[in-house]
Amino acid sequence: QVRLQESGPRLVKPSQTLSLTCTVSGGSISINYFYWSWIRQAPGKGLEWMGATDYSGNTYYSPSLESRTSISVDMSKNQFTLQVNSVTPEDTAVYYCARWAQAAHMWDNWGQGTQVTVSS
């Protein structure tokens, strides 16, 4: 069974960089037809898709976040990472990593989520 686990600092100061890692276990990240994604949910708001990477290391970003966001993948560690630059308190959210299954056309695996607060 595939499992995803987010890790990283839970408190980030404004203007700094938010960095999170998603570790995948129970299956390889280097498999076609899956997209490894970052999704967040700010307080009182809905889910926001931030971006994704695939088995080839291609990346896809939300237009609203593309200028500040970077996603990378480390096949040897079975991990993918998220970086958000120049954070503000509006980046405070629960951050999830998730797998999109292209064949099933659905999110079929989620991490438990990690709360990240941007505050001085």
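Y33 is found in the loop between β3 (18-25) and β4 (34-41), where strands are DSSP runs of E of at least two residues, numbered from the N terminus. This is a predicted model: local features need pLDDT of at least 70, side-chain atom pairs count only at pLDDT 80 or more, and totals for chains, interfaces and linings use all residues. Residues are numbered from 1 along each chain as its sequence is written, and side-chain values use heavy atoms, with hydrogens and water left out.

- Most residues other than glycine have a negative phi.
- Y33 has a positive phi, near 75°.
- Y33 is exposed, at a relative accessible area of 55% (buried is under 20%, exposed over 50%, partly exposed in between; 1.4 Å probe, protein chains only).
- S86 also has a positive phi, near 50°.
- S86 sits in the loop between β8 (79-84) and β9 (93-101).
- S86 is partly exposed, with a relative accessible area of 43%.

**Fold and dimensions**
- The chain has eleven strands and zero helices (helices are DSSP runs of H or I, at least four residues).
- The radius of gyration is 14 Å, close to the 14 Å that the globule rule gives for 120 residues, so the chain is as compact as a globular protein of that length (C-alpha atoms; the rule is 2.2 Å times the number of residues to the power 0.38).
- The C-alpha trace spans about 40 × 30 × 25 Å along its principal axes.

**Packing**
- Of the 120 residues, 39% are buried.
- Among contacts (heavy atoms within 4.5 Å) between residues at least 6 apart in sequence, 53% join residues at least 24 apart.
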